[in-house]
Amino acid sequence: MQCEDQNKKEKEVQPQIGSNSLEAGTILTTPIGYIESCFMTKNGTPRQPSVCSLSRGCLRISKSVFNNPEHSLIGLEQFSHVWIVFVFHKNGRLSCKAKVQPPRLNGAKTGVFSTRSPHRPNAIGLTLVRLEKVEGSTLYLSGIDIIHGTPVVDIKPYIPEYDSPQPTIPFEDVQRKSPYKQDESPNCALSETYTETEEKSTRPDQPTSDHSPHSPDSEQHIPDNPSKITDIPKETSKLEDQNLKRTEKMPFPIFEDQYPREPECEKATKDDLLTFTQEKASKSTAANNNCRTGESFVPTWVRDAPVAILKVRFTPHAEKELMQFKAPNSTGEPSFRYFQSPEEAKCAISNVLCADPRSVYRRKQCQDRLFYFSLDTVHVTCWFGDGFAEVLRIQPIRENAKAQS
Ligand SMILES: C[S@@+](CC[C@H](N)C(=O)[O-])C[C@H]1O[C@@H](n2cnc3c(N)ncnc32)[C@H](O)[C@@H]1O
């Protein structure tokens, strides 16, 4: 209700279109294109790209955005993955619920911003997909969880160094291993930390004066060898330029290359790949505050969902029906649009089903109902039993059904 009122009010306010509109916070967004996807409807569409790496689609950059849309994709082919920022246009209505029930919580509620729910105040989705190829103004994608016709508002290259947390070099290590003397320190993360500790910190995790880089004890570890820093422009080794941003003159890799990470840090990074409970994470960071490589953690429900991975089987009849589908562009009907073979389609259908695509309501209240979904040109009928899903029927999607969705 509140949202509706607000929507009305906002409609009454004329957006300021003009040179200052961005500064004024007016959101000017236009789709750069629309997804063509192997998923026609929300039902059965994977909840995340990781569920089905074979799910394919493409995105053609619209001519209404650029005169030469293909120019906007120059260089993108050098990336293996891209972020797709899109609008959940089939939500039906705007959502104003602060708490949602993600399927992995099996009915329990949590704050919307701690989930990837499509039902959020601004229906913006974010998906990391594999970029198969770029041809002219079209991107060919795989591993998508987005339905056909979805408006896309942006594409960004996936850069692991930017898009995943990088280990922070422990303060003491940086100081200890630094080839710089204190007053030669370059303006980078090092000098930021240095500045922080200059003001005597009361935090227990900060080095005490005994172990501070200023103490004679720690100075012993500083190699007295300024020649090691020949690659660094001279002006950057002056503290006067305190406000200089690290990235402007001193790319971080210089430190990474010169000072390999401590083994504990490596270990923490690997641990981080495993299930990281809040408790474990806070213990680990508390125990090892100076080596915060295990900074990324997620709640257990994300990785240890209370929903079992299902076994998937096909009845002989369904399997036979699937085997009749032909590769794209081959003669004969029915044919796939995205999948290259019936085996590939079978694998994709299995991936979708083993993650249990049903809503919590359906899973709990309508266990014995048939479940339908479509994938590429295939309409799938299946049912769920205890710990398994069984595909009963595979039919070609009727053209009129495709047009309606
Ligand atoms: C849980 S969301 C996650 C999407 C994205 N990876 C994210 O984290 O923002 C994925 C689900 O959104 C739904 N969906 C996909 N495209 C949609 C669209 N255009 N409008 C509404 N819902 C959509 C599908 O049901 C799919 O299973």
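Reader: Which residues does A348 touch, once those up to four places away in sequence are not counted?

Author: In this predicted model, A348 touches C52, L54, S55, F339 and L375. Each of these is called a contact because the C-beta atoms of the two residues lie within 7 Å.

Reader: What makes A348 stand out in the largest nonpolar core?

Author: That core has 45 residues, and A348 belongs to the group that touches the most other members, together with A345, I349, L375 and V380. Helix α12, which covers residues 342-354, gives the most to this core, with 5 residues.

Reader: How do you know that the core lies between domain 1 and domain 4?

Author: Domain 1 (2-163) and domain 4 (311-404) both give residues to the core, and it therefore lies between them.

Reader: Why is E390 called partly exposed?

Author: E390 has 17 other C-beta atoms within 10 Å. A residue needs 20 or more to be buried and 12 or fewer to be exposed, so a count in between is called partly exposed. E390 is accordingly partly exposed.

Reader: Where does E390 lie, and with which residues is E390 in contact?

Author: E390 lies in strand β12, residues 388-396. Leaving aside neighbours within four places in sequence, its contacts are R313, T315, C382, W383 and G385. For E390 and R313, 77 residues apart in sequence, the C-alpha to C-alpha distance is 4.9 Å.

Reader: Where do Q78 and F79 lie?

Author: Q78 is in the loop between β2 (56-60) and β3 (81-87), and F79 is in the loop between β2 and β3 as well. The C-alpha atoms of Q78 and P157 are 9.2 Å apart, although 79 residues separate them in sequence. F79 and R130 are 51 residues apart in sequence and 8.9 Å apart from C-alpha to C-alpha. Beyond its neighbours within four places, F79 is in contact with L131, P157 and Y158.

Reader: Are N106 and N329 exposed or partly exposed?

Author: N106 has 14 other C-beta atoms within 10 Å and is partly exposed. N329 has 8 and is exposed.

Reader: Which peptide bond is cis?

Author: The bond from E333 to P334 is cis, with omega near -10°. P334 has its place in the loop between α11 (316-323) and α12.

Reader: What surrounds the ligand?

Author: The ligand is surrounded by 18 residues, the closest being K42, F88, K90, R116 and G125. By kind, the shell divides into 6 nonpolar, 7 polar and 5 charged residues.

Reader: What is the mean pLDDT of the chain?

Author: The mean pLDDT is 73, and 63% of the residues reach 70 or more. Over residues 9-15 the pLDDT is below 50, and this stretch has 2 contacts in the model beyond near neighbours in sequence. Residues 180-293 also have a pLDDT below 50, with 117 contacts beyond near neighbours. For the complex, the predictor gives an ipTM of 0.99 and a pTM of 0.68.

Reader: How many helices and strands does the chain have?

Author: The chain has 14 helices and 12 strands. Of its 405 residues, 24% count as buried. Among contacts between residues at least 6 apart in sequence, 67% join residues at least 24 apart.

Technical notes: Residues are numbered from 1 along each chain as its sequence is written. This is a predicted model: local features need pLDDT of at least 70, side-chain atom pairs count only at pLDDT 80 or more; totals for chains, interfaces and linings use all residues. Helices (H or I, at least four residues) and strands (E, at least two) are DSSP runs, numbered from the N terminus. A nonpolar core is a set of buried Ala, Val, Leu, Ile, Met, Phe, Trp, Tyr and Cys residues joined through C-beta atoms within 7 Å. Domain bounds come from an automatic or database domain assignment. pLDDT is the predictor's confidence in each residue, from 0 to 100. A residue is near a molecule or strand if its C-beta atom, placed from the backbone, lies within 6 Å of it. Ala, Val, Leu, Ile, Met, Phe, Trp, Tyr, Cys and Pro count as nonpolar, Asp, Glu, Lys and Arg as charged, and the others, Gly among them, as polar.
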